[in-house]
Amino acid sequence: MAYVALYRKFRPETFEEVKGQDAIVTTLKNQMTNDRVGHAYLFCGTRGTGKTSMAKLLAKAVNCDHPVDGSPCGECESCRKIASGAALNVVEIDAASNNGVDNIRQINEGVQYAPADGKKMVYIIDEVHMLSMGAFNALLKTLEEPPSYVIFILATTELHKVPVTIKSRCQRYDFRRISYTVIADRMQEILDAEGTKASRDALEFIARAADGSMRDALSLLDQCVSYYLGQELTLDMALEAIGAVDTELFLKLETGIVKDDAEGVMNLVSEVVWRGTELTRFTEDFCMFLRNVLFLKLSPELGRTLDMTEDTIAKLAALGQTIPEDTLVRQIRVLQDMLPELRLSTVKRVALEMGMLRLLRPEMDKDMTGILARLDRLENRADKAEESAAELMQKTEELEKRPAAVVSVPVSGSVDSGNVAENREEPGLLSEAEASRVLHEHFDDAKAEEILELAKAWNREVMPKLDHAMGRLIRTVPIKPTLNQEGKAIGITLFLRKEDINPFNYFHVPENQEFLRQEICRITGKNVNITVANADGSDSGGAVNDLPALSKMNFDIEVK
């Protein structure tokens, strides 16, 4: 026996098996049990929501010899004939290929004769909106007053194309999109009957990809099961078989756009292309993703209307908190504007990449939204700059609040790289009183006190008077005034650690050293010699990208 597709094999046999259309099922069952069946019905709604299945069930029910609670029994001769397509009293017409006046005239002539078998003559006209205006006009009179044994069931996916004169003669039933949970549950029932296994997240993904259509979901399920025949279907398998994009990728894509990560965004686009995903569908899905993010940002309560898991809703809500509403609206508009170009483009990848570039660079748009986006970008940059400046100023204030450095003289005459005097006495260093004694031994009292005061007031008086940028660089590192070995000059030593690369490199430039020398001479009125060396006294060899464990910079102020 030839294989039958799942959506045909498991077509509902009773009203109870119809999923997601409870209101319509209840109404039709009540009409059947109370003998209130109408003469004309108009079933409208999106594809795969059960319009044709419901029409066939209604045709069975009105002709069934032994209905059960309004549903056909499925066992009588009439039910079996209708199910096999052999019944002469149930006529299905495809209006897409039978849309002329002559076709409707044949119907008008046929209704004059009572059914040879069965109770009712049922005409099911699918895609009725495809009928020509002449055909609609030819149907009007018969549709309004058919014989008592005739029932018309019209089905359409585009209700707006059906004339008002036709609508007013029918009982109208709107078939809603089916929720993804209902579709996933139905697929699980079918797989159990087929003896096939699948993970719940795979079924929910297929259900979401079907966009509310049960028929589309079963077709996709058929495709996935056939691709991995004999294996348990997982989410990764479903993604591979369908060639679709998961929500996680959309999360990464939007996060990259928000962070202005052009490289990451383009890599994700390349991944989508190499997966073989249909780019128009990808753009439509991304647009719907952003729409869901916007809805959740406007009101968390709207999450109840979205066919998504609680975990996904939480992720989208968190993402929405980082994006302004007007930015989301602009992104959705850009994607919508891009879709017609993408459908007509011969190089779809380039069209998609240009659209992503517009999302990354809002300043490319010259309208008011683009101008506002540019202002937002500038404000964000200014805010970040202010934060960095505030942090730097805070660190500067903390350094300036530190006590002034104590004059210390190494006993050996060499600088110990591990000692940075900050109002404390350390091994191998003389106290301030001892340093003062040494100074008085080498200089007269006035000169010794002058040098001592200069060393003590270095941070408080000399540093603030330096050029602003240069002074800030020097204030970021520890300072220790010392007396050189001969006792003829006072040395100001800046200890540079590995993290102090910027000032270290800055003061290796001869021009910068000369500028600093002139500044210190101007402030102190003394001649200054500047040397830059590693902690061990060796030549530093110029600017570096990685400092030794500790380096130093000596300012030798000559005392005359």
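I take contact to mean heavy atoms within 4.5 Å, and I start my entries with that rule.

**Ground rules.** I am working on a predicted model, in which local features need pLDDT of at least 70 and side-chain atom pairs count only at pLDDT 80 or more, while totals for chains, interfaces and linings use all residues. Residues are numbered from 1 along each chain as its sequence is written, and side-chain values use heavy atoms, with hydrogens and water left out.

**Overview.** I looked up the secondary structure and found 24 helices and nine strands; helices (H or I, at least four residues) and strands (E, at least two) are DSSP runs, numbered from the N terminus. The protein has 560 residues, of which 46% count as buried, where buried means under 20% relative accessible area, exposed over 50%, and partly exposed in between, with a 1.4 Å probe and protein chains only. Among contacts with a separation of 6 or more, 71% are between residues 24 or more positions apart.

**The sheet.** I traced an open sheet of five strands in the order β2-β3-β4-β1-β5, with parallel pairing; two strands pair if DSSP finds at least two bridges between them. Its edge strands are β2 (90-94) and β5 (171-175), each of which pairs on one side only. On average, neighbouring strands of this sheet are turned by 15 degrees against each other, direction ignored. I then followed β2 to β3 (residues 121-126), to which five bridges join it in parallel, and I noted that valine 90 has valine 122 of β3 as its bridge partner. Helix α6 (residues 133-144) lies across β1 (40-45), β3 and β4 (150-156), and runs at about 135 degrees to β4; for such angles, axes are lines fitted to C-alpha atoms, for helices over the stretch in contact, and angles run from 0 to 180 degrees between N-to-C directions.

**Serine 199.** I found serine 199 in the loop between α8 (180-194) and α9 (200-209). Is serine 199 buried or exposed? Serine 199 counts as buried because its relative accessibility is 18%. Leaving aside neighbours within four places in sequence, serine 199 is in contact with Glu232, Leu233, Thr234 and Leu235.

**The nonpolar cores.** A nonpolar core is a set of buried Ala, Val, Leu, Ile, Met, Phe, Trp, Tyr and Cys residues joined through side-chain atoms within 4.5 Å. In the largest one, of 33 residues, I see that Leu253, Phe286, Phe289, Leu335, Leu352 and Met356 touch the most other members. At least two residues each come from α12 (247-258), α13 (262-275), α14 (279-298), α15 (310-320), α16 (325-344) and α17 (348-360), and α14 gives the largest share, nine residues. Another core, of 31 residues, lies apart from this one and has Ile183, Ala217, Ala238 and Leu239 among its members.

**Helix α17 and leucine 342.** In α17, I list Ala351, Leu352, Glu353, Gly355, Met356, Leu359 and Leu360 as buried. Methionine 356 is in contact with Leu253, Val265, Met266, Val269, Phe286 and Leu335, leaving aside its neighbours within four places in sequence. Leucine 342 is found in helix α16 and counts as buried, because its relative accessibility is 0%. Which residues does leucine 342 touch, not counting those up to four places away in sequence? I find Leu279, Thr280, Thr283, Lys348, Ala351 and Leu352 touching leucine 342. The C-alpha atoms of leucine 342 and glycine 355, 13 residues apart along the chain, are separated by 9.4 Å.
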